[in-house]
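Visitor: Please take a close look at one part of this model, the nonpolar core and the helices around it.

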Amino acid sequence: MSVPKSKRSEPKLHVHVELNKLVRHTLRKTANLNKFGGERRFEIERDERGLPMAITEHANVSRETIARHLQDAVLDAAKHAWQANDVMVGKRGQGYETRRFLQEASIRDLDTMLMLINLAREECGLSGREVKYWVGLVETARGLVRKWRDADARRFRTSA
C-alpha cells in the first residue's frame, strides 16, 4: 500500500534533481542565439565618390556576456551543492563548517542568477512568461538548499 501524499517526505537528493533541472534549462536557454547571441552590425566606409573602402563589424557582446555569467552561476551553484553533499560530518561536528560554507556558496550563486535573469530580461528581450518560469526554477532550488542548510544546522547543533 502506498503512503498518503500528506505523509510523504521529500527525497534526500531532491535538491540535486531540482538543481540539475535548472542547469539544463539555463544551458538550453542561453544557447538560444536569437535571445543571447551577439547582434552584429556592419558599417561601410565609403570614399568621396561613394565607393566602399572598408567594412567594419560591430558586435553587441553584452548578451553573450550575460549568457556566460548565467552559465557560470548555475554551474557553480550545482557544483557547490554537490561538494557540500560529499562533506561527511563527523560525530563531533567535524566538517560541518565546510559543508555549511559550500551550501551558502550555492545559495549566493542562485541569488546572483536572479540578478542576471533580471538583467537578461531587459537586455535580451525575454518575455514575462519566460522570466517567471526561470525565476521559479531558481527559487525552488534556492529554497531546497536553504532547507537543507537549516536541517543540517538543527541536526549538527544538537550532536556537537
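Guide: α3 and α4 are roughly antiparallel to each other (an angle over 145 degrees). Their axes, lines fitted to C-alpha atoms over the stretch in contact, with angles from 0 to 180 degrees between N-to-C directions, come within 8 Å and cross at roughly 160 degrees. The residues of this contact divide into 16 nonpolar, seven polar and five charged.

This is a predicted model, in which local features need pLDDT of at least 70 and side-chain atom pairs count only at pLDDT 80 or more, while totals for chains, interfaces and linings use all residues. Residues are numbered from 1 along each chain as its sequence is written, and side-chain values use heavy atoms, without hydrogens and water.

The largest nonpolar core has 33 residues; such a core is a set of buried Ala, Val, Leu, Ile, Met, Phe, Trp, Tyr and Cys residues joined through side-chain atoms within 4.5 Å. At least two of its residues come from each of α1 (14–30), α3 (62–86), α4 (96–124) and α5 (128–159), helices being DSSP runs of H or I with at least four residues. Among the residues with the most contacts inside the core are Leu-22, Leu-110, Met-113 and Val-138. Leaving aside neighbours within four places in sequence, Val-138 is in contact (heavy atoms within 4.5 Å) with Leu-22, Leu-110, Met-113, Leu-114 and Ile-117.

Beyond neighbours within four places in sequence, Val-15 is in contact with Ala-141, Leu-144, Val-145 and Trp-148.

Technical notes:
Buried < 20%, exposed > 50% of the residue type's maximum accessible area, 1.4 Å probe, protein only. Parallel < 35°, antiparallel > 145°, perpendicular 65-115°, else oblique. Nonpolar A, V, L, I, M, F, W, Y, C, P; charged D, E, K, R; others polar.
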